[in-house]
Amino acid sequence: MRAKTVIKQTVKLLSLVLAVGVSAFALQEFVLCNADHNRERIKGYELEQKDSLDVVYMGASEVYSDLAPGYAYQKYGYTSYLYASQASSIMSCKYQLKELLKKQNPKLIVIELNSAVYASDENVTKEENVRNYVDNTSLSLDKVDFVNSYTDKNKEEYLFPLIKYHDVWKNLDDNMGMLSTINGDRFRGYNYLKGMMTQTTIFRTNQRTMNEFLADIDDKKPLTKLSEKKLRELLQFCKDEKLTNVVFARFPHIVISRTYDRCERSNMVEQIVSEYGFDYLNFEKNSEGIGLDYMNDFYNLDHLNIYGQKKFTDYISTVIRDKYGVKSTDHSDSVKDEWKAASDYYNAYFAYSDKLIKNNTKKELDESVVGSNEFKSYLKTS
């Protein structure tokens, strides 16, 4: 009799623990989280059908501002995704690549290494920069390993972000728009813009630009010790795993005297990448070859607007086709339907952004824009 009582009590306790665990997971995943464009982008990648992506771009804001996957599919026939987070840290790059490879085996992975050229370790280790990516990934042994390597403090907040964001409910209204977007993606099974976002403005600097001289300059400046260490760990991982489908890159920026030191560190990155036998595509040195107009194609010093985005997507698409043999793939009908929708949404996105720019209306446009009635009117005519 006592044995039956113990079993019943044990079952009840386990059921309670399970119920609490499921409830906590649901709250962490769907409600009490930092719902922003970084989360939408990372969760959107997890929704992509396994091995359905021909190219994956990885990095920081340069990646999701400078490329247009829907346009690339429409014109060049390859599928791609912008697996990136704001101010991405070189600290988490190896972990990010591991997570990327769990879902996809693309023909090419392009890793933009802006995260390696930060001037100080303060930016490298900055909690916000790391959290922009790590908070949005699922619990795994790889995540535990990363958190252990990153910090000795408050590890539980990285492994279980609910602890960090438990009081988000106080400002839940601020989160509802993006929460709705993320849950809409889940219901549909994919997102439309594949991580892309922009700002509807044209940036013009009154300072002298140095881009036209960069191709002939090979000045180098050392990386921070931590940046070099983490970069070499990433490169060694790629080498150990025999990842022959990985290339590294530096995306376009407007370079002025104040930002020239980043170019010097980029040259050092190229030297280190070459030591490990990988390609480094320095598009910053070829802005004119790409056809970029410094007075019309950027929305700030570091990011392309929709006009530059389209030009750079054209240019890099020809590079990955001609240099790395990436061509259109005969995907399943469901994947084709998804990417036909992505192309249609890109066309509407471009038209909508173009109109806002011409009306001098500055907005940040991410995936959440596709739910607005104003945007939908462009979708009908695209």
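Me: Is Asp314 buried or exposed?
Reply: This is a predicted model. Buried means under 20% relative accessible area. Asp314 has a relative accessibility of 17%. Asp314 therefore counts as buried.

Me: Which residue does Asp314 meet in a salt bridge?
Reply: The contact runs between side chains, N to O. The N to O distance is 3.1 Å. The partner of Asp314 is Lys75.

Me: How many residues apart are Asp314 and Lys75?
Reply: Asp314 sits in helix H16, residues 306–322. Lys75 sits in helix H4, residues 69–76. The pair links distant parts of the chain. The separation is 239 residues.

Me: Which residue forms a salt bridge with Asp218?
Reply: The closest N and O atoms of this pair are 2.8 Å apart. Asp218 is partly exposed at 48% relative accessibility.

Me: Which parts of the chain do Lys107 and Asp54 tie together?
Reply: Their side chains meet in a salt bridge of 4.0 Å, N to O. Lys107 and Asp54 are 53 residues apart in sequence. Each lies in a loop, so the pair ties together the loop between H5 and strand E3 (108–112) and the loop between helix H2 (37–47) and strand E1 (55–59).

Me: Is Asp54 buried or exposed?
Reply: Lys107, its salt-bridge partner, is partly exposed at 39% relative accessibility. Asp54 has 3% relative accessibility. The cut-off for buried is under 20%, so Asp54 counts as buried.

Me: Where is Glu99 found?
Reply: Glu99 has 12% relative accessibility, so Glu99 counts as buried. Its element spans residues 93–103. That element is helix H5.

Me: Which residues is Glu99 in contact with, leaving aside its neighbours within four places in sequence?
Reply: Glu46 is 53 residues from Glu99 in sequence, yet 9.5 Å away in space, C-alpha to C-alpha. Contacts are a separate matter. Glu99 is in contact with Tyr45, Tyr83, Tyr133, Ser140 and Asp142.

Me: How many salt bridges does a search of the whole structure find?
Reply: Some salt bridges link up into a network, with Glu127, Arg131, Asp135, Glu157 and Lys164 as its members. For the whole structure, the search finds 26.

Terms used: Residues numbered from 1 in each chain as written. Predicted model: local features only at pLDDT ≥ 70, side-chain atom pairs only at ≥ 80, totals over all residues. Heavy atoms only, no water. Helix = DSSP H or I, 4+ residues; strand = E, 2+ residues; numbered from the N terminus. Buried < 20%, exposed > 50% of the residue type's maximum accessible area, 1.4 Å probe, protein only. Contact = heavy atoms within 4.5 Å.
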